[in-house]
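Colleague: I have a few questions about this model. Can we go through them one by one?

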Amino acid sequence: MFSTVEAVQVFLARLAAQDAPGIARLCAPVVEWEAPDPNGVRWAAGRRTRREVESQFLTLFATFDLEQLSVRQVIVDGGDAAVIGSARWRVRAGGSPVEVRFAAVLSVHLGEIEQYWQMPDTFATAVATGVARIK
């Protein structure tokens, strides 16, 4: 069973490896979820199964190649952890780069992620994917 710190470390390692099935295996059977779709346009909130978590990350990794993941700070309080960092992605269709700052909150209980909130710079992502334009 993972501690909160260990669960966060493994999550980040699997994110860097673009291991969607591995990320899903870290999760409880049902996860309280709040994160944007990979194109940064629509937010998805509510409960997600492991299969839905895996699907979300598979879509992310099919849309973007992760080039760099930098963690600035991890704050742990019991079963809760906040991760503050940035990521450099490259859009697979067209090759546009995108720098995204993010904060993610993970709640871990009995070694599994039960709650996941991701707050990235959705505008930067939408611009990089062509969904939004800067005038």
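Modeller: Tryptophan 33 and tyrosine 116 are both buried, meaning under 20% relative accessible area, where over 50% is exposed and in between is partly exposed (1.4 Å probe, protein chains only). This is a predicted model, in which local features need pLDDT of at least 70 and side-chain atom pairs count only at pLDDT 80 or more, while totals for chains, interfaces and linings use all residues. Residues are numbered from 1 along each chain as its sequence is written, and side-chain values use heavy atoms, with hydrogens and water left out.

Colleague: How many aromatic pairs are there in the structure?

Modeller: Eight. Rings of Phe, Tyr and Trp (its six-membered ring) pair if their centres lie within 6.5 Å; planes under 30 degrees apart are stacked, over 60 edge-to-face, and the rest tilted. Tryptophan 33 with tyrosine 116 is a tilted pair, at 4.9 Å centre to centre and 40 degrees between the planes.

Colleague: Which parts does the pair of tryptophan 33 and tyrosine 116 tie together?

Modeller: Tryptophan 33 is in strand E1 (residues 27-36) and tyrosine 116 in strand E6 (residues 112-120), so the pair links parts 83 residues apart in sequence. Strands (E, at least two residues) and helices (H or I, at least four) are DSSP runs numbered from the N terminus.

Colleague: And what sort of pair do phenylalanine 61 and tryptophan 89 form?

Modeller: A stacked one, 6.5 Å centre to centre with 25 degrees between the planes. It joins parts 28 residues apart in sequence, because phenylalanine 61 belongs to helix H3 and tryptophan 89 to strand E4 (residues 80-91). Phenylalanine 61 and tryptophan 89 are buried.

Colleague: Which residues form the aromatic cluster?

Modeller: Phe11, Trp33, Phe57, Phe61, Phe64, Trp89 and Tyr116 make up one cluster.

Colleague: Change of topic. Is serine 107 buried or exposed?

Modeller: Buried, at 12% relative accessible area. Serine 107 sits in strand E5 (residues 97-109).

Colleague: What does the side chain of serine 107 make a polar contact with?

Modeller: The side chain of aspartate 80, at 2.6 Å. A polar contact is a pair of N or O atoms within 3.5 Å; within protein, one must be able to donate a hydrogen and the other to accept it, and residues adjacent in sequence count only if both atoms are side-chain atoms.

Colleague: Last one, threonine 59. Where does it lie?

Modeller: In helix H3 (residues 50-63). Threonine 59 is partly exposed, at 37% relative accessible area. Between threonine 59 and alanine 20 there are 9.2 Å in space, C-alpha to C-alpha, and they are 39 residues apart in sequence.
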